[in-house]
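Good morning, and thank you for coming.

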Amino acid sequence: MALLSGVHGMGWAPYGAQWRMLRRVCMGEMLSSSKLDISYDFRRSAVLEMVAELHGGAGAPINVGKVMFVVMYKVITGLLWGRSVSDEEKHQVGDEFQQVVEYLTGVFCKPDVSDFFPVLAPFDLGVIFRQTKKAGVRLEQILDYLINESQKRGNTERTRDFLQILLKIQESGDPKAPLSRSHFKSLLMDLVLAGNDTTWTTMEWAMTEVMKHPEVMKKAQEELDKVVGKNHPVEETHLAHLHYVNAFVKEVLRLHPVVPLMLPRTPSQSTTLGGFMVPKASRVLVNMWAIQRDPAAWESPEKFRPERFLTATGKREFTGNDFHYFPFGSGRRICPGMALAERMLMYVMATLLHSFDWKLPEGTELDVCEKFGIVLKKAKPLMAVPTPRLSDPELYSRNLGNQTC
């Protein structure tokens, strides 16, 4: 989708030199494991702020999805321009930027009649295109403001976030694949919208499964108490030792793949697949939701069983090489944010279960209905009540973010 200045971002650009350049920049400068290690402070700060806010409202119902949205919003924008734009400048545009992002992520999930009858697209019967264009114009204005402010501050080692890196690449220039201002605005938009929406939606589904299966919460908390203890906050260094929590997250991704039909693929040449002719340049949708619930590949596929990933035969990974389980896609179009999503899903879920017990509000029932769209969301927001389970109130203080990890 070319939302900003008619330029395709990385998610929708056709394969070629420009796409390879955008992918290389994104992976090499922001989303590689080494770069994510360096940016841990943004993630830690956002998670500790979340814990402090939940503790302040403990005992009352909270909208889980909204809390998860804010966490991911802080992490993504921190990675993109957290160092090169001052706090004052971020506050100036922060609220409106968040509102625009929330609106656009909601619109992208809504089906439209033109999705099924493309001939009707010019008439914009659902008014989605006009509303999206208006929001896109405002988003572009905000991005222009942030870019201009970043340019004014200049590029130093202290301010080398992703925005500064993009500006430096633009200045140096690549004659084979030049990076225009419109290109990296589209790239920033892709990262904010896709990186935020998909991850917080998965977190909401994960907490829904916790509410539905209290025994899962108990097992996860037992593991967390053993690995982390009750006198320390969860750190990313703990995640590799949380085998049950890891299996729990994998099972959430299996039952609730956030993009159930994946992004559309377009064959570069006509081919026969499974006895069917797939014409060149046709639009192909892969039903990941059905594949990951296929009874030929999964025992009791409709049941939520994290233990299936703990057996010797069930040690599946989501690297795209197992075509029965690929929640982040496969091939060269595999989700570039997979490493960040994995870390945040594990880190946030481990922290929520370590810091709080959770229950449904009195007199309510759990709703697990899905809302159809590009991103598979809950039909109704999850409301849940957190109760602190750690005895030391300092562990709920946002000031922990100022301590050395």
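Let me begin with the fold as a whole. Among contacts in the protein between residues at least 6 apart in sequence, 76% join residues at least 24 apart, where contact means heavy atoms within 4.5 Å. This is a predicted model, in which local features need pLDDT of at least 70 and side-chain atom pairs count only at pLDDT 80 or more, while totals for chains, interfaces and linings use all residues. Residues are numbered from 1 along each chain as its sequence is written, and side-chain values use heavy atoms, with hydrogens and water left out.

The protein has 13 helices and seven strands; helices (H or I, at least four residues) and strands (E, at least two) are DSSP runs, numbered from the N terminus. Of its 405 residues, 51% count as buried. Buried means under 20% relative accessible area, exposed means over 50%, and partly exposed lies in between, with a 1.4 Å probe and protein chains only. The accessible surface of the protein comes to about 19500 Å², and 56% of that belongs to carbon and sulfur atoms. Such areas come from the Shrake-Rupley method with a 1.4 Å probe, and for residues only the protein chains shown count as cover.

I turn now to charged pairs. How many salt bridges does the structure hold? There are 20 salt bridges, each being a side-chain nitrogen of Lys or Arg within 4 Å of a carboxyl oxygen of Asp or Glu.

Consider Arg-389, which forms a salt bridge with Asp-225, with 2.9 Å between the closest N and O atoms. Because Arg-389 lies in the segment after strand S7 (383–388) and Asp-225 in helix H10 (residues 214–227), this pair ties together parts that are 164 residues apart in sequence. Arg-389 counts as buried at 15% relative accessibility, whereas Asp-225 is partly exposed at 26%.

A second salt bridge joins Glu-317 to Lys-250, the closest N and O atoms being 3.1 Å apart. It too links distant parts of the chain, 67 residues apart: Glu-317 is in the loop between helix H12 (288–291) and helix H13 (338–355), and Lys-250 is in helix H11 (residues 243–255). Is Lys-250 buried or exposed? At 5% relative accessibility, Lys-250 counts as buried, while Glu-317, at 43%, counts as partly exposed. Elsewhere, salt bridges that share partners join Asp-37, Arg-43, Glu-236 and Arg-343 into one network.

A further example is the salt bridge between the side chains of Lys-35 and Glu-29, at 4.0 Å from N to O. Lys-35 is partly exposed, with a relative accessible area of 30%, and Glu-29 is partly exposed at 28%.

The next topic is the aromatic residues. The structure holds 14 aromatic pairs. Rings of Phe, Tyr and Trp (its six-membered ring) pair if their centres lie within 6.5 Å; planes under 30 degrees apart count as stacked, over 60 as edge-to-face and the rest as tilted.

Tyr-73 and Phe-97 form a tilted pair, 6.0 Å centre to centre with 45° between the planes.

Phe-309 and Tyr-325 form another tilted pair, with 5.2 Å between centres and 50° between planes. Both residues are in the loop between H12 and H13, 16 residues apart. Phe-309 counts as buried at 4% relative accessibility, and Tyr-325 counts as buried at 0%. One aromatic cluster is formed by Phe-69, Tyr-73, Trp-81, Phe-97 and Trp-200.

Trp-298 deserves a separate mention. Which charged end sits over the ring of Trp-298, 4.2 Å from its centre? That charged end belongs to Arg-316; Arg-254 also lies over the face of Trp-298, at 5.1 Å from the ring centre. A charge sits over a ring if NZ of Lys or CZ of Arg is within 6 Å of the ring centre and within 35 degrees of the ring normal.

His-213 counts as buried, at 14% relative accessibility. Its C-alpha atom and that of Phe-304, 91 residues apart along the chain, are separated by 8.4 Å. Thank you for your attention.
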